[in-house]
Amino acid sequence: MKTKTLADAGRRRCLCCAVLVPGFTALLAAGCGEKGDDKAASTAPREITAATACELDGMLLADYPGPKAQIHYAGVAAPHFFCDTVEMFTMLLKPEQVRRVLAVYTQDMALADWDQPRGHWIDAKAAWYVRGSKRRGAMGKTLASFGTEEGAKRFAAQWGGQVLKFSEVTPQMVDLTGGTQGDGRM
């Protein structure tokens, strides 16, 4: 004789509701499905538009130079956009960050136009970054992002800076408080 578990009872309730309540199929898939299901449908990189605003400060991404970023969180339909990779890292490296991240993208600046970057989205965790170059992004000093180490090295040879992997970027490198801390007028 088979022992019934709470999981079996929960599945039976979901199936009964699916039969009794029209339109319950989507809810059934969301509530009773596997946890990995939400990744495939919602994590492809999205392109910025003239109206795409930064999640942190409301700046319009299309108005500023340098690499942009987007983070796709579990349970959130639209990605959170950032006008600079420094903001992306700030969000990802915060100790209080508890939302589950499904995907993170930045732009390959070896292919994108620095002044008006569009497209060329790459996995931010697999990207290479150049810290301390002469090029400025939306927030001033930025971490230029590249799809290959060679692209990052070429950029660093031309514009200066240190080539880093994603895992080598520390919270101290992406501290956004520096600008206001040194301003005695605030």
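Buried residues, meaning those under 20% relative accessible area with a 1.4 Å probe and protein chains only, make up 38% of the 186 residues in this protein. On that scale, exposed means over 50%, and partly exposed lies in between. The model is predicted, so to speak of local features requires pLDDT of at least 70, and side-chain atom pairs count only at pLDDT 80 or more, whereas totals for chains, interfaces and linings use all residues. Residues are numbered from 1 along each chain as its sequence is written, and side-chain values use heavy atoms, with hydrogens and water left out.

The accessible surface, from the Shrake-Rupley method with a 1.4 Å probe and, for residues, only the protein chains shown as cover, comes to about 11,000 Å². Carbon and sulfur atoms hold 57% of that surface.

Let me turn to the fold. There are six helices and seven strands, taken as DSSP runs numbered from the N terminus, with at least four residues of H or I for a helix and at least two of E for a strand. Their order from the N terminus is α-α-α-β-β-α-β-β-β-β-α-β-α. Taking contact as heavy atoms within 4.5 Å, 60% of the contacts between residues at least 6 apart in sequence join residues at least 24 apart.

Next, the interior. A nonpolar core here is a set of buried Ala, Val, Leu, Ile, Met, Phe, Trp, Tyr and Cys residues joined through side-chain atoms within 4.5 Å. The largest such core has 29 residues, of which Ile71, Met88, Phe89, Tyr129 and Leu143 touch the most other members. Two or more residues each come from strand E1 (69-73), strand E2 (80-82), helix H4 (85-93), strand E3 (101-107) and strand E4 (121-123). Helix H4 gives the most, with five residues. Another core, of ten residues, lies apart from the largest one and includes Met109, Trp114, Val130 and Ala156. As for Leu143, its contacts beyond four places in sequence include Pro67, Phe89, Tyr129, Leu164 and Val174.

Which residues are buried in helix H5 (residues 149-159)? They are Gly151, Ala152, Phe155 and Ala156. These four lie on the same side of H5, because they cover an arc of only 135 degrees around the axis, the arc being that of the directions from the helix axis to the C-beta atoms. Arg154, Ala157 and Gln158 are exposed on the other side. The buried residues of H5 pack against E5, E6 and strand E7 (162-165).

Just after H5, Gly160 takes a positive phi of about 85 degrees. Gly161 touches Val130, Arg131, Gly132, Ser133 and Ala156, leaving out residues up to four places away in sequence. From Gly161 to Lys134, the C-alpha to C-alpha distance is 7.7 Å, although the two are 27 residues apart in sequence.

His120 counts as partly exposed because its relative accessible area is 38%.

Finally, the loop between strand E5 (128-137) and strand E6 (140-146) holds Met139. Met139 is partly exposed, at 35% relative accessibility.
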